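Subject: Structure handover

Hello,

Please find the structure below. My notes on it follow.

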Amino acid sequence: MSTGREFADLQGKCALVTGAGRGIGRAIALELARAGARVVCNDIDPRTATETAALIHLEGREALPYTADVADGEAVRRMVQEVVAAVGHLDVVVNNAGIEPSSPILDMPEQMWDRTLSVNLRAVFLTSQAAGRVMRDQGGGVIINVASIAGVRTPLALRAHYCASKAGVYGFTKACALEFAAYNIRVNCVCPGVIVTPMTARARRDPDIMARWQREIPLGRLGTPEEVAKVVRFLASDEAAYVTGQAYFVDGGKAMH
Ligand SMILES: NC(=O)c1ccc[n+]([C@@H]2O[C@H](COP(=O)([O-])OP(=O)(O)OC[C@H]3O[C@@H](n4cnc5c(N)ncnc54)[C@H](O)[C@@H]3O)[C@@H](O)[C@H]2O)c1
């Protein structure tokens with residue numbers, strides 16, 4: 001019998017999604033809004049952040065675009081403060097923003113290493129700290145980090161900085177879950193496999209890479225941003241009330257071994 005409530009309901013919650021301007025972040029923002037959350041759509045690109053918020057409004061849901069570079073501590077603290085000032089609470093944070101430049105280690109400029117680690121890992125710490133303080137004081141919350149199978153199981157050539165950053169997100173997620181459990185804050189991560197987004201656009205144009213991926217992925221196809229977003233919605237909701245410190249692989253089985 002239907003309870004009249006949707007699965008993984010987020011009615012009345014406020015969710016902040018970083019890197020929500022396109023790709024997986026946009027799909028997560030839409031999915032959390034459809035679950036009933038008021039969604040703050042962060043991106044470094046004001047145009048795409050506004051577009052995502054407009055898509056949510058078109059569906060009759062609530063959203064607010066917010067431009068900030070998540071690698072900038074001051075900007076992150078200001079963003080969290082302004083969200084709490086406007087909405088009164090912050091219940092869900094999804095650390096999704098990420099970059100994936102390419103370089104052999106032997107030629108990699110230090111600046112490329114530092115920026116990748118800052119956007120992909122330092123930002124997860126900054127946002128978790130700022131939001132964690134709010135969540136502790138309000139009695140609980142949920143943090144979901146977007147890591148990658150590349151950080152944990154299937155390293156990528158020319159992406160040593162990216163793999164290191166995502167391995168860091170995986171480790172930080174578990175340590176953060178341990179510390180934040182005392183404050184009723186659940187912390188988990190998702191590890192996507194190969195997902196159809198602008199980040200993978202160039203590789204998807206190469207027929208050899210596509211053929212290799214199809215061979216390597218037991219389900220025989222790439223994933224969609226929506227398929228990652230559904231798992232994030234579950235983790236964000238009370239359906240996952242007893243789940244913390246976990247990594248969910250959303251990869252068609254690519255990294256199961
Ligand atoms: N696409 C994949 O196959 C895949 C696989 C595993 C993990 N991931 C991870 O998923 C997340 C989203 O990836 P995607 O494929 O949607 O990427 P994408 O490049 O399509 O989108 C990333 C978004 O993050 C924003 N962003 C970048 N730097 C930012 C910053 N400093 N502050 C705020 N926003 C910033 C970008 O403007 C963009 O809108 C990333 O963390 C990525 O590493 C992606």
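Is Leu158 buried, exposed or partly exposed? Leu158 is partly exposed, because 14 other C-beta atoms lie within 10 Å; a residue counts as buried with 20 or more other C-beta atoms within 10 Å of its own, as exposed with 12 or fewer, and as partly exposed in between, the C-beta atoms being placed from the backbone. I come back to this residue at the end.

Two notes on conventions. This is a predicted model, in which local features need pLDDT of at least 70 and side-chain atom pairs count only at pLDDT 80 or more, while totals for chains, interfaces and linings use all residues. Residues are numbered from 1 along each chain as its sequence is written.

The sheet

The model has an open sheet of 7 strands, in the order β3-β2-β1-β4-β5-β6-β7, with parallel pairing. Helices (H or I, at least four residues) and strands (E, at least two) are DSSP runs numbered from the N terminus, and two strands pair if DSSP finds at least two bridges between them. β3 (63-67) and β7 (247-250) are at the edges with a single partner strand each, so one side of each has no neighbour in the sheet. From one strand to the next, the twist averages 20°. For this and the angles below, axes are lines fitted to C-alpha atoms, for helices over the stretch in contact, and angles run from 0 to 180 degrees between N-to-C directions.

Strand β1 (residues 14-17) pairs with strand β2 (residues 38-43) in the parallel sense over 4 bridges. It is joined to strand β4 (residues 92-95), also parallel, by 3 bridges. Val17 shows both pairings: its bridge partner in β2 is Cys41, and its partner in β4 is Val94. β1 is covered on both faces, with Cys14 and Leu16 buried on one side and Ala15 and Val17 buried on the other.

Further along, β4 and β5 run parallel and are joined by 4 bridges. One of the pairs is Val93 with Ile143 in β5. In β5, 6 of its 6 residues are buried. Gly141, Ile143 and Asn145 point one way from this strand, and Val142, Ile144 and Val146 point the other way.

The helices

Helix α3 (residues 73-87) packs on helix α4 (residues 110-138) at an angle of about 30°, and their axes are 9 Å apart. The two are therefore roughly parallel to each other; angles under 35 degrees count as roughly parallel, over 145 as roughly antiparallel, 65 to 115 as roughly perpendicular and the rest as oblique. Their crossing is right-handed, where a crossing is right-handed if the near helix is turned clockwise from the far one by less than a right angle, and left-handed if anticlockwise. On the α3 side the contact is made by Gly73, Val76, Arg77, Val80 and Val84, and on the α4 side by Leu126, Thr127, Ala130, Ala131 and Val134. Two residues are in contact if their C-beta atoms, placed from the backbone, lie within 7 Å. By class, this contact has 7 nonpolar, 2 polar and 1 charged residues. Ala, Val, Leu, Ile, Met, Phe, Trp, Tyr, Cys and Pro count as nonpolar, Asp, Glu, Lys and Arg as charged, and the others, Gly among them, as polar.

α4 also packs on α6: their axes come within 9 Å and cross at roughly 15°. This pair is therefore roughly parallel too, and the crossing is right-handed. Residues in the contact include Trp113, Leu117, Leu121 and Phe125 of α4 and Tyr162, Val169, Phe172 and Phe180 of α6. The class count here is 12 nonpolar, 7 polar and 1 charged.

Helix α6 (residues 160-180) also lies across β5 (141-146), β6 (185-192) and β7, at about 165° to β6.

Loops

Leu158 is in the loop between α5 (149-152) and α6. Its phi is positive, about 70°, although it is not a glycine. Asn184, in the loop between α6 and β6, is also not a glycine and has a positive phi of about 60°. Asn184 is partly exposed, with 14 other C-beta atoms within 10 Å.

Gly139 lies in the loop between α4 and β5 and is exposed, with 10 other C-beta atoms within 10 Å. Gly139 and Ala247 are 108 residues apart in sequence and 24 Å apart in space, C-alpha to C-alpha.

Regards
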